[in-house]
Amino acid sequence: MELKILNIGVLTWLTFLPVLGMIIVLLIPKEQKSAVRWTSLFFTVAQVVLAFMVFTKFDRSLAGVHDASTMQFSELFNWINVKSTGWFGSIKIDYYLGIDGISMPMVFLTAIISCIAVISSWGIEKSIKGYFALLLLLDTGMMGVFVSLDFFLFYIFWEIMLLPMYFLIGVWGGPRREYAAIKFFLYTLLGSVLLLLAMLALYFSVSVIDPASGEKIHTFNMLAMMNPANYDANSLLAGISTSWRYIAYIAMFIGFAIKVPIFPFHTWLPDAHVEAPTAISVILAGVLLKMGTYGLLRIAFPMFPDAAVHFAYPLAFLGFINIIYGALCAMAQKDFKKLIAYSSVSHMGIVILGIAAMNTQGMLGGMLQMFNHGTITAMLFLIVGVIYDRAHTRGLDDFGGLMNKMPNYSGVMSIAFFAAIGLPGLSGFISEAFSFLGAFQSFRWLTIASAFGIVLTAGYMLWTLQRVFLGTLPEKWNNLTDINSRELAMLIPLTIIVIILGIYPNLMLDVMNTSANSLVDFVKMNSTVSFGN
Amino acid sequence: MLDTILNNLSHIVPELIVTATLCVVLLAHLISRKSSQLLTILSIAGLFAALYSLTSNFGINISAFSGMLSIDPFATFFKIVIVLSTIVIVLMSRFSDEVNAEQKTIGEYYFLILSMCVAMMFMVGSSNLILMYLTLELSSLTSYIASGFTRKAKDSSEASLKYLLYGAFSSGVMLYGISIIYGLTGTLDIAGVNQVLVQGSANNLALIIASIFILVGFGYKISAVPFHFWTPDVYEGAPLTITAYLSVASKAAGFAMMMRAFKVMFIDSSVMNLPAGTWTLINGIHIQNALMIFSVLTMTLGNLVAIWQKNLKRLLAYSSIAQAGYMLLGLVVLSNDGFSAVMIYFVVYLFMNLGAFYVVLLIANKIGSENIDDYKGLGRRNPFLTVALAVFLVSLTGLPPTAGFIGKWMIFISLINAKMVGIAVIGVLNSVISLYYYIRIIRNMFLRDGVDQTTPVIEYPLAQKILLLSLLVPTLYFGLFFNELVQFAQISVSIFGSK
């Protein structure tokens with residue numbers, strides 16, 4: 001599958017459109033605030049349109065994962081080519097983009113969430129140019145992570161996101177923004193340097209024949225790193241279930257786990273979420289967290305199948321802790337936003353549990369949950385943002401009876417809440433059911449225990465609903481206004497997605513199915529193969 | 001004899017050009033005491049001429065002046081780094097209020113910078129222990145005076161004196177080490193020393209002591225822990241331009257000299273069955289462990305102490321100590337790619353570190369302070385300048401897509417290639433620590449508001465912006481396109497007299 005616009009591949013467009021927007025935003029004079037907003041909106045809407053085009057043209061029957069020939073919309077150019085010297089092989093790094101069923105939903109999600117984040121940032125007044133420029137740069141980083149198939153390129157995009165995120169939280173955030181921003185930065189950087197070392201270890205363990213010169217060279221190509229035949233005998237990561245392979249897997253895992261975040265690496269998340277402006281919380285929960293699980297699926301599992309299978313149970317156990325611990329923490333919160341943040345920890349646990357099961361149902365469930373969590377949690381954060389903009393407080397106990405005062409708002413809210421609880425008919429149900437179904441086959445008791453998390457979720461969600469929306473309206477909120485059309489414009493698309501995927505999940509499952517199967521088979525097949533022999 | 005010397009002169013044309021320039025500068029200042037602009041122009045012209053003539057040294061790999069001096073790609077590479085940084089420093093000095101305030105002695109200032117440049121250019125090529133010592137002393141002596149150049153400032157004189165005392169002590173120790181080596185081997189030529197050492201007849205204990213003593217001299221020059229005590233005070237007290245110069249050029253020269261001595265003297269070239277591009281040390285020389293300890297100490301201490309600094313110059317001093325720690329890792333791996341990684345790092349470091357110092361200088365010109373707390377709210381007053389500083393700091397941290405990432409990346413590549421994973425982990429954890437103090441400056445500039453909200457936008461003349469851009473663009477460019485840089489460093493890794 002190929003799609004080109006002006007002779008440039010569509011994935012390049014998707015990735016670098018926001019940068020283009022950023023440059024234009026930076027050129028607009030400071031006074032023209034609405035021009036800045038509309039430009040940003042234009043570029044993110046264009047990104048959504050492109051993502052939709054890609055989504056419709058995407059060939060559902062091709063698997064991708066480890067197979068270069070079934071990667072779609074792929075673009076491959078040589079980027080860095082250091083000629084070899086007598087004592088050091090050449091360094092070849094490719095600009096290699098491509099998507100398959102694992103990344104397609106994420107690409108779509110990134111485009112939508114970025115666009116909604118721009119709409120939700122309409123009210124930003126402080127250094128507006130800087131804000132939107134950073135937001136667009138962040139968008140490029142996120143999109144780049146999901147489309148790159150070269151590890152070096154992936155890493156660059158992975159790191160590019162850090163700085164914009166730091167500023168977006170640190171400059172436009174709440175009262176404790178500095179603390180939250182630096183905590184986020186240090187945690188993620190710690191994770192990514194471990195990822196860097198694992199990447200270098202892989203680099204030196206894998207070599208392929210360079211088609212141009214015919215010599216054997218090391219490569220950053222992710223697909224080559226998945227193939228056991230490409231590993232050099234006696235290299236650091238050769239063999240099967242060796243301690244070096246386990247160490248590399250764990251280093252990588254920590255890198256991704258911090259992003260997800262998996263217990264005990266989650267402590268940055270509540271701080272970041274609470275302090276970040278609404279739009280950034282939406283991006284953080286909607287897309288950034290998915291990078292962690294995406295990294296596991298795209299990199300850690302297929303490159304270290306032996307370790308992935310070996311550590312499947314501990315991984316599932318961490319998922320279980322996430323689910324229960326996140327839910328319990330959420331239950332104890334008095335701050336609306338912090339509650340949603342912890343519910344995020346809990347819901348990402350379901351993804352972990354699902355993918356740790358290493359079977360088709362679990363994998364599909366986990367992948368769908370990544371997408372669904374992205375849309376549902378984005379909605380929840382937007383909902384918090386709407387009320388915060390009006391009342392300037394997020395205390396759950398400060399409210400009550402909003403249902404009568406803000407009927408439209410409450411309508412959207414209930415859809416999001418019930419989707420988060422996992423009510424049948426809404427998208428969350430399907431993915432949670434699939435995840436538990438898959439996990440049940442692999443880890444029976446753990447899954448039963450985890451399923452208890454659903455009850456807790458229903459508990460805190462309904463309790464919140466009761467505290468905020470039911471009961472009597474306190475006097476001071478008598479002049480609250482209902483949701484306005486701009487706010488509806490960002491919530492309605494997500495609501496539609498949540499409902500449609502609840503009724504007809506095949507729309508998304510269809511995209512992922514072939515790849516999920518292929519990933520499961522690939523990991524199973526290679527988990528007993530010795531690398532490099 | 002005279003013929004050979006005259007013939008060999010053609011190989012040191014760049015050095016001769018710089019020497020001629022410094023004479024002309026001194027004379028020009030004597031003749032016309034008013035025009036400091038003329039001095040800048042003369043110095044720049046001379047330095048560019050030297051840079052141009054360095055290009056004719058590409059590919060030459062010979063020994064000149066009866067083995068005293070090596071003209072090889074390795075030396076040429078470092079000479080380019082040194083001359084480039086001298087050019088930047090001369091231009092920076094032109095824009096520095098601190099330097100221009102000393103109108104009376106400005107000629108001496110340029111004279112000192114150029115003589116440091118010459119000394120360092122000889123340092124990187126010297127392949128005889130005595131010449132090494134002499135050039136090291138020459139560059140140190142000029143640095144002592146230069147760091148005390150702003151005579152009215154009290155801490156400048158203090159810096160100069162401290163520098164002198166530490167320098168005298170370390171070079172004394174080094175000289176003692178050299179004398180032991182001479183006693184053991186009967187030669188001062190480093191290749192000759194190597195030949196004797198390979199035979200293994202030298203007394204082991206004496207050899208260890210001698211090599212550690214020599215290391216003290218080098219360690220002082222590159223301010224490796226525990227020989228770093230002079231660095232923060234000198235960096236804080238010296239004029240900003242001299243600090244910047246010491247942190248880049250002087251460090252580069254020290255490293256180059258150390259790498260040459262290390263590789264030519266202590267490598268056992270008779271061992272054959274090693275993978276291409278890796279070497280082994282002569283039996284009984286434990287310098288690798290010593291270097292490993294130094295490097296870990298250097299980066300960890302540099303980073304940890306930098307966290308507490310309030311003065312930006314002092315912070316950059318500790319940061320440059322930490323950076324030297326990363327570079328030392330490239331020596332520890334005992335391979336060509338480790339060496340080339342150090343060389344790449346220096347090119348990158350040249351741009352990012354000088355860039356950071358330059359912005360600090362421009363800001364100090366306007367707000368008269370190098371205190372980190374005074375940087376609050378600067379982001380609004382001059383976005384371009386502060387964003388540039390942010391880029392340099394991010395690059396010093398080693399985050400993509402900046403050149404600093406590539407520098408660190410190449411170091412870690414060489415470590416992982418040599419399967420030295422443990423020390424690589426220490427290295428990357430250190431760069432996480434370093435983020436904390438670099439980001440503090442960025443935080444003050446952008447996240448905090450200044451005391452005085454109404455302070456106007458700071459404006460800078462075009463010339464100053466051009467210099468800033470010419471440091472900023474490579475810092476970003478090499479982060480994404482490092483093809484040529486890596487290739488150039490790999491070609492330049494060959495040292496005369498070693499395989």
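**Exercise 1.** Which residues in helix 13 of chain B meet helix 14 of chain B?

*Ground rules.* This is a predicted model, where local features need pLDDT of at least 70, side-chain atom pairs count only at pLDDT 80 or more, and totals for chains, interfaces and linings use all residues. Residues are numbered from 1 along each chain as its sequence is written, while chains are lettered from A and ligands numbered from 1 in the order in which they are written.

*Solution.*
- Helices are DSSP runs (H or I, at least four residues), numbered from the N terminus.
- Contact requires C-beta atoms, placed from the backbone, within 7 Å.
- Helix 13 of chain B brings Gln288(B), Leu291(B), Met292(B), Phe294(B), Ser295(B), Thr298(B), Met299(B), Gly302(B), Asn303(B), Val305(B) and Ala306(B).
- Their partners in helix 14 of chain B include Leu315(B), Tyr318(B) and Gly325(B).

**Exercise 2.** Work out how these two helices are oriented.

*Solution.*
- The axes of helix 13 (residues 287-306) and helix 14 (residues 312-332) of chain B come within 7 Å, crossing at roughly 155 degrees.
- So helix 13 of chain B is roughly antiparallel to helix 14 of chain B (angles over 145 degrees count as such).

**Exercise 3.** Describe the side of chain B that touches chain A.

*Solution.*
- Start with the tally: 29 residues of chain B are in contact with 31 of chain A.
- Helix 15 (336-367), helix 18 (403-417), helix 19 (421-447) and helix 21 (483-491) of chain B each supply at least two residues of that side.
- Helix 19 of chain B gives the largest share, 11 residues.

**Exercise 4.** Find what Leu197(A) touches.

*Solution.*
- Skip residues up to four places away in sequence; what's left is Ala251(A), Phe412(B), Ile416(B), Ala424(B), Val425(B) and Val428(B).

Note on methods. Two residues are in contact if their C-beta atoms, placed from the backbone, lie within 7 Å. Axes are lines fitted to C-alpha atoms, for helices over the stretch in contact, and angles run from 0 to 180 degrees between N-to-C directions. Angles under 35 degrees count as roughly parallel, over 145 as roughly antiparallel, 65 to 115 as roughly perpendicular and the rest as oblique.
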